[in-house]
Amino acid sequence: MFESRSALDMYRAEAATDGADGRRALRLGEIGGSHLVQLGVYPGGAARVAAAVRPILGEPLPESSVLAVTTSERLIMRIAPDQYWVVGGESALDTRLRSAVPADAGCVTSLDAARTRLLIEGHAARALLARLVAIDLHPTVFPIGSFAQTGIHHVGGLLLKVGEDRYEFFSLRTFAASIWEVLLDAARPFGYEISLLKSA
Amino acid sequence: MLRIPCPHCGLRDYTEFLYAGDASKQRPAHGSAEWRAWYEHVFLFDNPKGAHLEYWQHVQGCRQWLVLERDTSTNSVGRAWLARQGTGS
Amino acid sequence: MIRGGTRLPSGGRINRARSLSFTFEGRQLTGYEGDTLASALLANGLRLVGRSFKYHRPRGMLAAGVEEANGLLTLGIGAGLTPNVPATSTELCEGLTCQRQNGWPSVEFDLMSITGRLASLFEAGFYYKTFMGPRRGSWMFYERFIRRAAGLGSATHLPDHDRYETCNAFSDVLVIGSGPAGLAAARAAGRSGCRVTLVEQDFLLGGSLLRAPIQSPDEELRRSLEADVGTLPNVEILRRTTAIGIYDGLTAVLVERRDPLRPDPAKGEAREIVITLRTGAIVHAEGAIERPLIFGNNDLPGVMLASAVRTYLNRYALTLGNRILIATNNDSAWATAIDVAATGAHVTLADERSTANAPLHEAARRAGIEVCLSTHLVQARGGRTVRSAQLRIGDAATTRWIDCDLIAMSGGWSPTVHLTSHTGVRPVHDAGIGAMVPGPWPTGVIGAGAVLGTGSHGDLLSDGHTAGTTAARWAGALGDTGEPQGTHQNWTTGWAKAVQNRARAGSKAFVDFQNDVTTDDLALAHEEGYESLEHLKRYTTLGMGTDQGKTSNAAAAQLMAELRGIDPAVTGSTTYRPPYTPVSVGALAGRSIGEHFRPTRRTPMHDWHLANGATMIEAGPWLRPYFYAWAGASAASAYVPEMTMVRTGVGISDISSLGKIEVQGPDAAEFLDRIYVNNFASLPVGKARYGVMLNDDGIVLDDGTTARFSEFTYFMTTTTAQAGEVMSRLEFLLQTAWTDLRVQVLSVTDRWAGMSVAGPLSRQALTLALPGIDFSNDALPHMGICEHAIEGTLVRVLRLSFSGELAYEVYVPADRGIAIWETILEQAAPLGIRPYGLEALASLRIEKGHVAGLELDHRTTLEDLGLAKLASRKKAFVGRELKERAELKSPDRWSLVGLECLDGDARLRGGAILFSKEDAIQGHGRGYITSVTWSTVLKKTIALALYSGGLRHEGEEIVCAYPLRNEQVRARIVSPMFIDPSGERLHV
């Protein structure tokens, strides 16, 4: 077996830090163990793709471009009019979808390891993110389940709100270390705990 | 900060977008051997004061190419739609 | 020291229970919470706060707010030093350290004040003439003198230890200013239910209401408005926060100053936060700024704006004089007169107007004020403080001197139109008040209160209420906004006609206090033809100080109009630009400093490189291994062993930064055929092909290799530099021109770790490392590809060569990059495999004559690069028509050649300009060197270059000139393929 490594491997020894008031209002980390598949639809193929993947996903493909569909097993986001992300724990998801989708209607591409899934959680999560992303995170505008593809410190990624004070940011893997450093820097006044992946 | 209403993602800062110029011109059909048509398409542009149709790509978002109405004299932004829907309004 | 002011035993909006100590020029002083630095210094008796910019005249505080022109101090010490901070808008905080500036050897005793007598040296246009005119040479002589003499405080050269933040915010309605109009607007908008941001630069809300006594209807109003707004949870109140700029798209940039909170940089706390606020509507309620009067020596310490005198009295409980002259052309200063008279001071009020507002006149009489109507102030006298004033009644020939230790002046008010005009709305002249008012409001923007000038309805509460309601409706909020609740009219009484120049010829009457611009300077500028306000500004430096002419612009426009004999509406105003008040550069930079200056992109093997002796180099956003310690201590020495290893054995390098794009779909073959100049439809599954793309204009966009993994699936690689642009271009074509093509493109650059295993032993190396794959020439010939799952890990192998040697590109999922990389190094160790870096990678391709980013510079054509034969004649492709432009077909174009150095150990240098042997070495030459290396094969320096006429000149000797080092090196033009031109090494 070839060992899988996180893009944040070299930060495993990073210590938790108290905020200016002595508390730790944030938990920052990486979420591992998930697989990411991109589903693309060719012109004229939407209906056939939708019908083909429905039995596997158990849900229709979302219409909304701002709200994710969340099931117990996976997360489905419409990232472009003809593109969807499916995030889940099942490693063979891409092969199952690929065999279901008619080859002249759409395509399925694994983006495993292409994104680093960062966790930003805690009372100060919204305040921290306000310093990094130009997205209105007011709960009436960005309720739980909302997602937005946007940039942190000039780098594109996908921000997802999964709980009251809990967000995820899907960063391009090759930028993840840089984004992580910026996150920690911005988080200093709030204080933070760290939860990174144990190396295999 | 120009704010652009991305039809997929919603209203966003223009810094998330890539600007790519005049969208009102019709690109010659692929394979067209009309040298003059290509020449005009690539090199000859109006520089209008006022209403302008232009291409922007939401590179840090959904990566869609948009057609945006912008007034070059006031920098006010009008409607935006997916470029794949055509450049006619 | 001359007495500045005296603190009254009670009153004011200061917290006497909390005293704050601070240091002024080494002396420990105290003030109270609620003081500004200015009020605390005045309370400690300081009147002389600085020396003026050019003439080093003694100056005291002019104002009590951000418009302050004189009271600039240097705060902090060492790395925390900040020069030119207005004391009047600096909140006093414990431990603050400050000093005066621009005095030499000291402000109290300033030798440089002699420059006041060398006035001609500093007259208007002095700098302009010195730089631009015939006296230009004199600059060399005067410079040292001027550098010491002119200017404000000195900045530190030490790195700033403070932290700054940038932040994003959103709201429905932004209200700028918390005076009565702003508070009423925020209350109305807040009641509608929408999200409101109220911005106030001061640390207290109230604006003009803060000038009133603490027992007054104004103060009651202030408290009730503040309470109303404070109870609305949807109104966010930002104190100590200045809107410094308004931008397109209803965006405002706000700067929050946190110094009084004593932020600790060690804990990550920011000293200033720049907030970019996107909003749905803006209410401008910035109010107005009082104008000085123009009379002789109007800059003496002790001459202040009347509103400031009233503020110091009622907000800070300070009396600043015992014999006070109030000089005014409007009603607003009467309130100051009445309030200061109540402290027992002797007050004379000189009003330029012939009649007075009857109730005010009666109140003044009752207060024991000596009222002189139709009376104007001609000049003041004094040394380091004002001592007397000369008054003239009407046009009378006779004048009268009175003794005074404080002059409170009011030349009327100018609306604070700065922010209203930032997005290009030019303010318009309001003749009724001799000042500019905002121009037509753009969509989503409205004003309220004094900023409107005579456009205000007169009742500030109704003004604000209406504006707040309107803004809320624009933002889509429908809730009931209630009633304005009362009226408040204090502003309408302050409007006055334009300020008149009352100074006698020859006396110094200042228009711009901070930049020492006098009425004489204006006259001189006019005489010399610098009449337009924009010219006047640059010629005299009027309005160019840190205060940006807040107290001077209106008078300057008025006086210039008079000099020109035209309507002031025609002179207009200068262009107001952000920032409204000075902002720290550090705050604008936010965290984009040092290691966070910009993000870096790290390959999946980054950690391994760092742990194994790599020196990294930036390549665009990427950090790539430059060279490895095993081969040498510097790039210049290390790349030679690294190259030799690849030419004679096997090496491995990280190529993960190449752009990688998955192109899929039934029409993918057609799509590739359209974007590449060469044929791709014929590429069989299991093979890769080199391809070149053009822009529509026929110029080369990028090159790379595309491999076909299945009927509908292609794996495209691009150069590192062009990856983003190529991706956008492909998306552009698919989403605009070719919407019918059934194709999906997806960047998979981050999905795959890429490594090149190169050298004659590379096949053996990979056979050892990945025994599950058949690397034989039959199974995997040149340009062959394969895909295998090895122990559950997907591995893609492309047999391609950048170096000219037998080589393979191996792509594996990014998270397995290090594991596979290490496996190859371990398993092939008996073959001597080691890593090689970017310098060797680039040098290898130069020997082979492969073009790269330095040659693909968006100016070269296929012909220029020797790639013309690649273009298909049988199919259409992007750029086909315009690549046939006559200019691009010229045989004299600069095209690709190789160069061999003829001067032994001499260096060829990238960027060197090329000349034929006969040419004079001047001008742009016949081309330039793009890439250089030492060839380990040829044992000499070689280069790729673009040269006019290209290989037509093969064999000729040329000169490579590098003027920056005064070098000229001889070289011979040769084929760019220095090694293995027939490609034999690739097919073994």
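How many bridges join β1(A) to strand β12 of chain A? Two bridges join them, and the two strands, of which β12 covers residues 191-195, run antiparallel. One bridge pairs A:Asp18 with A:Gly191 in β12(A). Strands are DSSP runs of E of at least two residues and helices runs of H or I of at least four, numbered from the N terminus; two strands pair if DSSP finds at least two bridges between them.

The model is predicted: local features need pLDDT of at least 70, side-chain atom pairs count only at pLDDT 80 or more, and totals for chains, interfaces and linings use all residues. Residues are numbered from 1 along each chain as its sequence is written, while chains are lettered from A and ligands numbered from 1 in the order in which they are written.

Chain A contains four helices and 12 strands. Seven strands form an open sheet with mixed pairing, in the order β1-β12-β2-β8-β11-β10-β9 (chain A). Because β1 (17-18) and β9 (147-152) of chain A stand at the edges with a single partner strand each, one side of each has no neighbour in the sheet. Helix α4 (residues 173-187) of chain A lies across β2, β8, β9, β10, β11 and β12 of chain A, at about 140 degrees to β11(A). Axes are lines fitted to C-alpha atoms, for helices over the stretch in contact (C-beta atoms, placed from the backbone, within 7 Å), and angles run from 0 to 180 degrees between N-to-C directions.

Of the contacts in chain A with a separation of 6 or more, 68% are between residues 24 or more positions apart. The C-alpha trace of chain A spans about 55 × 45 × 30 Å along its principal axes.

Terms used: Two residues are in contact if their C-beta atoms, placed from the backbone, lie within 7 Å.
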